[in-house]
Amino acid sequence: MDLFSKRHRLVVGMLLLFVPLLTGAKGKGCQGPGDGGPGDGGSAGGEPGDCRPTGCSGQICADAGDEVVTTCEWREEYACFDKFGVCERGASGECGWRETPELEACLGGGEPAPCVVGGCSGQLCVEADNDLATTCEWREEYACYQEHGVCERGASGECGWRETPELKACLGGGEPAPCVVTGCSGQVCADADDEVVTTCEWREEYACYAEHGVCERGASGECGWRETPELEACLGGGEAAPCVVTGCSGQICASEDVATDCQWLEEYACYDKHGVCERGASGECGWRATPELEACVEAATGD
């Protein structure tokens, strides 16, 4: 009996010694390496514990030992964490979701949503999630967007219509409308969409426009008749009348006869001998400044 009691007490004592080790107890005197004491590898001062999804909807990535309390309000983006989320401890030592392209795109921080054609008449290019209401008043230019419009996100990040030459022209901001001959007598060159009202009084010069006129848009952007030599001549503003030698002594070169006194000067003979009466670059009539004429005048006047 005594022997059994001694053996019994020995077994019980050994069990008492091993229980803390088996159960992981961390009371005083029961700590050991790896059980939270100095230099352990647990969550207290060594390697941190695991990260895990938490929160009512699994939208939080936190330490496994943290108690996180959230509301249970559901949001669409929470599904992204379940589908693409990687809960891990980052370089900062904090738990969080790994920033993968898939997760960012799902949350709206990756590729933006596409641009879509909106508005009652399809005249708007807006974000896919932009619920924009417009009136249903129809305008002719709305057809341009249907025919030539490219709805896209520009360099600014905003949705809008691509400014193509075709769209600009259709809207009236590209190639202008052609110029047309109009007026009761065909004497006016104007924009095709201009309403021109004139009298029907006939003038001879109107025939010049029909025969020589070229109706076009000039460098100024305005429609008008091209200033051709043929048209100017027909209208009387083309080739100028020839210059004539005039004056009592034939000493004047002008565009018309000029009356002068008849006093004779020696240099007047120079104009008769060496003079060339012509219209100069200025458009005025005068004597051509030849060396022969200049020398003759200098000799006659003694200058």
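Predicted model: local features only at pLDDT ≥ 70, side-chain atom pairs only at ≥ 80, totals over all residues.

Cys120 lies in the loop between β5 (115–118) and β6 (124–127), while Cys136 lies in the loop between β6 and α4 (142–148), so the pair ties together parts that are 16 residues apart in sequence. Cys120, at 42% relative accessibility, counts as partly exposed, whereas Cys136, at 56%, counts as exposed.

Cys184 and Cys200 form another disulfide, with their sulfur atoms 1.9 Å apart, and a torsion of about 100 degrees about the S-S bond makes this disulfide right-handed. Here Cys184 sits in the loop between β9 (179–182) and β10 (188–191) and Cys200 in the loop between β10 and α6 (206–212), so parts 16 residues apart in sequence are tied together. Cys184 is partly exposed at 42% relative accessibility, and Cys200 is exposed at 54%.

Turning to Cys248 and Cys262, a disulfide joins them at 1.8 Å from S to S, and with a torsion of about 100 degrees about the S-S bond, the disulfide is right-handed. Cys248 belongs to the loop between β13 (244–246) and β14 (252–254), and Cys262 to the loop between β14 and α8 (268–274), so this pair ties together parts that are 14 residues apart in sequence. Cys248 is partly exposed, with a relative accessible area of 39%, while Cys262, at 54% relative accessibility, counts as exposed.

Key. Residues numbered from 1 in each chain as written. Heavy atoms only, no water. Helix = DSSP H or I, 4+ residues; strand = E, 2+ residues; numbered from the N terminus. Buried < 20%, exposed > 50% of the residue type's maximum accessible area, 1.4 Å probe, protein only. Disulfide = S-S within 2.5 Å.
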